[in-house]
Amino acid sequence: MEYRFNEIEQKWQAKWKENKVYKVSNDSAKPKYYVLDMFPYPSGAGLHVGHPLGYIASDIYSRYKRLKGFNVLHPMGYDSFGLPAEQYALETGQHPAVTTERNIATFRSQLDKIGFSYDWDREVRTSDPDFYKWTQWIFLQIFDSWFNRATNKAERIASLLEIFETEGNLHHDCPGDKSIQFSAGEWKAFNEKEQQDILMDYRLTFSSYGEVNWCEALGTVLANDEVVNGVSERGGHPVEKKKMRQWYLRITEYADRLLEGLERIDFSDAMKEMQKNWIGKSQGAEMDFIIKDQQEHLKVYTTRPDTIFGVDFMVLAPEHELVNKITSAGQKKEIETYLTYVKSRSERERLAEVKQITGCFTGAYAINPFDDREIPIWIAEYVLAGYGTGAIMAVPCGDQRDFAFAKHFNIPITNIIGDYYNGEEANPTKEAILQNSGFLNGVSMKGAISIAIAKIEGLGIGNRKVNFRMRDAGFSRQRYWGEPFPIIWSDGIAIPLDADELPLELPHVDKYGPGPNGEGPLANIEDWVNINLTPNPSPKERETRLQGEAELASDHLLENKKDEPGYYNSSLPEWQNTLAFAKENRKELTEAEGVIWQKLRDRQLDGCKFRRQHPIAGYIPDFVCLEKKLIIEIDGEYHNSEEQKSFDEARANWLAENGFEMIRFTNEEVKNNIKDVLIKVSQKLNEVEKTDRSKNEKSNQPSGSGSSLLWRGVGGEVKRETSTMPGYAGSSWYFLRYMDPHNDQTFCDRKASDYWGQVDIYIGGTEHAVGHLLYSRLWTKILFDLGYVSHDEPFKKLVNQGMIQGSSRFVYRLAWSVTGEDFDQSLLPQLFISKSIADKIISEDEEAIKETGGIAKELLIKAFPGREDLSIFRISVIETHVDVSFVNGVELDINHFKNWRNGEYADAQFVFENDGKYICGVETEKMSKSKYNTVNPDVLVQKFGADTFRMYEMFLGPVEQSKPWDTKGIEGVHRFLRKLWRLFYDDLKGKVWNEDKATDAELKVLHRTIKKIDEDTERFSFNTAVSTFMICVNDLADMKCHKKEILEPLLFLLSPYAPHISAELGSLINAKSSPIGEDAERSVYPTFNPALLVESAKEYPVSINGKVRTNINIALDITQADVEQIVLKNEVVQKWLEGKAPKKIIYVKNKMVNVVI
RNA sequence: GCCCAUGUGGCGGAAUUGGUAGACGCAGCAGACUCAAAAUCUGCCGUUCGCAAGGGCGUGAAGGUUCGAUUCCUUUCGUGGGCACCA
């Protein structure tokens, strides 16, 4: 019986799927464990062998934890909004939804082949309305929040309003604009627009005009982390600064907490370092300088107030507001010229020419408050407007840039650090003792910092100040394929949609080009953008209405109470009860309801949005389409009673009066003839369309009716926000959705997030260091502050998988030039030269060139008989990528190559090595389609099986390290699995395993393996775990051990790594019911028994002066003196001693013995 | 320029706390089985001197600490990654 991996793997994968073996419950007595992969963007290219590396690691760990008795959440989903799908749509006209769907199907089929233990019932997709409904909802929560610096957390806008009404913003500086200050009285006097504008400056998501990174080629703005060296990260298009209205996340308010949180999480140093760098916290002081003969003050930020006496000039950013005010008449012209020059320079030029020194003197002087020196004020590009105060005090002896500037413009340099400064370059030391420094003379620089700050604060001319490099994160994109903002603009006021109006679905478009004025494609859909409503009530009325909402709702109920048999509620608490009831109800679908819901959801029927169990004025219909005011009722049997019928009737009457139409079906109709049912519903929907609904639009609907815009009193010209959210919106919280993926009442039930808590292990690449990982930390902190989750760091431990690099192969094509009348060079025969000869030609080896030239000449004669005039005058070689799939090691498969690219090389000729082989060149590069070095996992799984593939990926090296892919080695792992198989079944003899009692030696092998696998799996050292399995199987094979007592526990150990073969063999040796790979509940995962490994003696390495010379077997329970005796008696030791006495003998129990001579 | 990671056979890598450097696998070489191939099995496999026994050298380089260093410290070089007029 041989190891038929393909059969076995298909069988078990089907079985796992059918029995839902990996379904996870939120309700378990077992301890929880959350293992998460960074979900993929489903690109069109499919998976290559680099992608599953992290997935395999996390799968092994999940399976291991499951066997160890944990309730493991191990989900997968897709980050399915994003630029590439939209770019593809622009090029091909295919809707992103379609291509995304297709790509997901490819990914899924590839993933399935590898045998992962994901709970696919929890799959999420960020582009699914059921998902982005909650992305929008969370956005609204953040919109409704501000950061209270006093409590250091996010709070609701309502609390801010309360504060404003009692004390203005006296104690709460406006983070958006520090200059805004007002009292309670002033606040109350502001009009609606003014108030809203101020609130916007506090909100944690806010809209404002600002400089953004505009990428013309992509037609969108980019976040700072999406711009690399002045070009877009995706596509490398130029990026320019542009003023536009944008949405932002006020991440700067969280800078300190994001920094502090790093201390509490297990990320690699490199990762933490990158985040720290990005946040860029620096401590220093801000101080004011008086400007000579002027009213103005100059505020600078410095981290080195100790160098105040070394200030030789000041520099302002060219954009600084003081520039115009202080420039002297004499310098005006020059400054203007300089400003024109600065404006002409693109961001890219500025970055590219960092070393170029430019600047201009303003003619103004600042006064050093400590020694009254007059300090010239310059402007220069190298000072950035956006950081600190946009102005610096320059200390040329201590700062290299200041030094270069001073040298360039001949500004005299003051030395305050004595010998530390050599006049040749600046020295940014903090070690020096200060000189020429007034009251700081003789003080060390480190100490002087706080002394200087104290003095500055004492004089009231400045204060201690912390600065951050991080900017608020741009949160809008002028793009189509993303979450629409649930925001409506009315007279410049951003009005959030109500929660029950979510999701605001992405409308269908046919064209993906940008809209007018740099807006996104959505701006082109006028029907969607413009919302025309009847004239609106005043803002004050609006407020009153909002408050009266609930009362109004219950008024309706009261009014109608007499007409119905006690079904409706009458008071506010009861109304709330109804809501709670609806929430409960929504979870349980009857069979018939389930059938029809599958056909109604997601606007499948005539594009109409249906809601299920959506409360309307105290009554909960089964399904309702709010836009069409159509209710669908599916009646269970109990509705057949007389009493029930009259009751239903009363309800129907009430609804009819309020403009609702109802259509009802029986369970049987739905179950047996869903088609007719849907036709009837569709007819109704279209009827409703035609009827006059004006009477219904008088807007006295209760809350939650879906048209609450009327309630908020907006009207006139009202437009939707047309930009969409960036790629990182959905990924900032998706890990929470997995915990409770089907909840349509909330983004994630608090019970679920309390149970699952933090992600215990998060596995993914390093490329998300300052993007996704920072934003998800931010969102989690905000949700924590608002009380929606119980932890403020999402990921407890992060493991970064390394990149798998491609191993490229090259062929060398002869590049030759032929002289001859009207000769078309492109007709020359193709000649490919094997590696070693090509190398010689490249290094201009004359012999090789001559020889190859001869071969080329022959070819030429053959190809063009009769053309005697042709002669070769130059040859060289061109290196070209060739597809790795038809290179065996380094040897090219010639036939395969000739068929490549539709036979482009069908007629190619070759110059071989001496042994008749064509050898290719090799280089390690990034894996990419264009380099023909990608390896598709499907092919390997087909050829060697998923188990081999999984173990080989792990065997390649540490998960966290980058390493080149080499398919060749996979055979070793495959051999190992076959060897394992042969411990159970021989190809010829069949069954060889037996039930004999294991010997001590065999048990020792097993338990040594148990111990090592436990340790290695826990510390993510999967490569050494695989080699441990190999050692174990080698040992057992050597011992000819085929005993079930040993082999069965081994299968348990192996099952996380190679689940299919373990399951198969497990079920074969335990025919009735093997739990291996099938049932973690009944798992009897082996435990390590240290007693079995206890030895009485050990072969000690004995070294002389630290060099091992021999081994001696010594009992473990022996004294130092006895050891010395034994060692000294040893022949080898005596030989080295040459009769002398040793100086010292070092004996470390269980380690070694060292004799020092 | 600054920060982080990293450097071990022909190759991927192992050595978990300072204690036998090179586990395990690939590639290679020699052999067994076979008509042959595949599969499988056995042996060799850092380098150098030596017939051998045995010895010298050896973890990028140089120095140091230590009885003992791939591991700790200092200096330096290479590679990969991040940040970069951030005052």
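Chain A exposes about 53,700 Å², an area computed by the Shrake-Rupley method with a 1.4 Å probe, with only the protein chains shown counting as cover for residues. The model is predicted: local features need pLDDT of at least 70, side-chain atom pairs count only at pLDDT 80 or more, and totals for chains, interfaces and linings use all residues. Side-chain values use heavy atoms, without hydrogens and water.

Chain A has 1157 residues, and 52% of them count as buried (under 20% relative accessible area, with exposed over 50% and partly exposed in between; 1.4 Å probe, protein chains only). Its secondary structure comes to 38 helices and 41 strands. These are DSSP runs, numbered from the N terminus: helices are H or I with at least four residues, strands E with at least two. Among contacts (heavy atoms within 4.5 Å) with a separation of 6 or more, 71% join residues 24 or more positions apart.

The largest nonpolar core holds 178 residues. Such a core is a set of buried Ala, Val, Leu, Ile, Met, Phe, Trp, Tyr and Cys residues joined through side-chain atoms within 4.5 Å. Trp-247, Phe-475, Phe-747, Met-951, Phe-984 and Tyr-1057 touch the most other members. Helix H5 (residues 129-143) gives the most to this core, with nine residues. A second, separate core has 52 residues, including Phe-313, Leu-322, Ala-394 and Met-445.

Gln-110 lies in helix H4 (residues 96-114) and is buried, with a relative accessible area of 4%. Leaving aside residues up to four places away in sequence, Gln-110 touches Gly-46, Leu-47, Asn-936, Pro-937 and Asp-938.

RNA strand B has 55 residues around it, each with a heavy atom within 4 Å of the strand. Thr-303, Arg-401, Leu-956, Met-1030 and Asn-1154 come nearest. Helix H34 (residues 1022-1038) provides the largest share of the nearby surface, six residues. This surface divides into 22 nonpolar, 14 polar and 19 charged residues; Ala, Val, Leu, Ile, Met, Phe, Trp, Tyr, Cys and Pro count as nonpolar, Asp, Glu, Lys and Arg as charged, and the others, Gly among them, as polar.

For Arg-469, the distance to a sugar or linking oxygen of RNA strand B is 3.0 Å. For Arg-978, a polar side-chain atom lies 3.2 Å from a sugar or linking oxygen. The side chain of Asn-1023 places an N or O atom 3.0 Å from a phosphate oxygen.

Conventions. Residues are numbered from 1 along each chain as its sequence is written. Chains are lettered from A and ligands numbered from 1 in the order in which they are written. A polar contact is a pair of N or O atoms within 3.5 Å; within protein, one must be able to donate a hydrogen and the other to accept it, and residues adjacent in sequence count only if both atoms are side-chain atoms.
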